[in-house]
Amino acid sequence: MKESIYNIRLLRVFVAVVERKGFSAAQQDLNMSTPAISNYMGQLEMQLGMQLCNRGRSGFSLTSKGQLIFDEAKRLLSQIDGFENYVLELKGELRGAVTVGILDSMLTDKQVNIVDLLGNFASKHPKVHVNLKVLNPFELQREVLEGKIDLAIGSLPIRMSGLKYIELYVEQHWLYCSDRHELSKVTKLSPEIVRDNALLNRGYWSSAEAMRHGFKDCSATIDSMEAALILVLCGSYVGYLPDHLALQWEQKGRLFRLLPETFGYRAEFSLIMKNGRSREPLIQAFRDEMDKLYIKDIS
């Protein structure tokens, strides 16, 4: 039994080295020195009776047999981790890793309260490793679909098949310019005057999105709300921003809403996950924490 457990340790070192593409790159993940990693790899090759990788001046690479062992080791370790997590679940204790995806600028959004959500989850499940990713709407959905993210929160204008969407709340966006922009000096604005300016485009918008808002041209492209805020503040652009993100700049007199009765839209935020995964223990535990922060039941 001791030899079997020891072999599992060697396999974990091997998998980490392959995923990091070398001994040196795997040091931080394994919390081991390069000589120690090399020693473990040598022991594994000796026990298996075959060379698993090439290392030297030419760089790190797997042998053909090493690739087969790597694929099988990944499968085996996944099964072992699954068994360990299952035992802990029976004991009422969650363990493992969960990857959560969010949009940028959510820190100022009081409706989602992302700080309390993640803080409460981490306090209740201290042995669960939380990975937090900040991506744009398209990337969030793609990585959930590919299994790189377990669940995500965001406004997702174009939805993908294969994903489950649970409505959460609505975020208000207004059209803004800064105190440096010529529109801030116009005493009597009209929709036509505003539309004569090119709109700040979002990289994940469809080609027809600017026209849907009444604008014919786009002046620049961004992939995050923070980038949009920076470009609007610089004075050369008009663009849509979430009201909570723009609030402090409005209060300072740096941003101005442009005809809110004409220009504005509401973005629906959803919790998304891949179909068939909603009842997995870690995902369900995260959803339980969300239930406590929202009046609406998201189960």
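Visitor: What makes two strands count as a pair, and how many bridges join strand 3 to strand 4?
Guide: Two strands pair if DSSP finds at least two bridges between them, and strands themselves (E, at least two residues), like helices (H or I, at least four), are DSSP runs numbered from the N terminus. This is a predicted model, in which local features need pLDDT of at least 70 and side-chain atom pairs pLDDT 80 or more, while totals for chains, interfaces and linings use all residues. Residues are numbered from 1 along each chain as its sequence is written, and side-chain values use heavy atoms, with hydrogens and water left out. Strand 3 (residues 96–102) and strand 4 (residues 128–134) run parallel, and the bridges that join them number seven.

Visitor: Which residue in strand 4 does Ala97 stand opposite?
Guide: Strand 3 and strand 4 belong, together with helix 5 (residues 114–124), to a right-handed β-α-β unit, where right-handed means that, with the strands pointing away from the viewer, the path from the first strand over the helix to the second runs clockwise. In strand 4, the residue opposite Ala97 is His129.

Visitor: Is Thr63 buried or exposed?
Guide: Thr63 lies in the loop between strand 2 (61–62) and helix 4 (64–90), and its side chain reaches the backbone nitrogen of Gly66 at 2.9 Å. Buried means under 20% relative accessible area, exposed over 50%, and partly exposed in between, with a 1.4 Å probe and protein chains only. Because its relative accessibility is 16%, Thr63 counts as buried.

Visitor: How far apart are the closest N and O atoms of Glu143 and Lys133?
Guide: A salt bridge is a side-chain nitrogen of Lys or Arg within 4 Å of a carboxyl oxygen of Asp or Glu, and by this rule the count comes to 12. Glu143 is buried at a relative accessible area of 10%, whereas Lys133 is partly exposed at 28%. In the salt bridge between Glu143 and Lys133, the closest N and O atoms are apart by 2.7 Å.

Visitor: Which residues are joined with Lys124 into one network of salt bridges?
Guide: Lys292 forms a salt bridge with Glu289, their closest N and O atoms being 3.3 Å apart. Because the two are three residues apart in helix 11, about one helical turn separates Lys292 and Glu289; Lys292 is exposed, with a relative accessible area of 56%, but Glu289 is buried, with 5%. Through salt bridges that share partners, Lys124 is joined into one network with Glu289 and Lys292.

Terms used. Polar contact = N/O pair within 3.5 Å; in protein donor to acceptor, adjacent residues only side chain to side chain.
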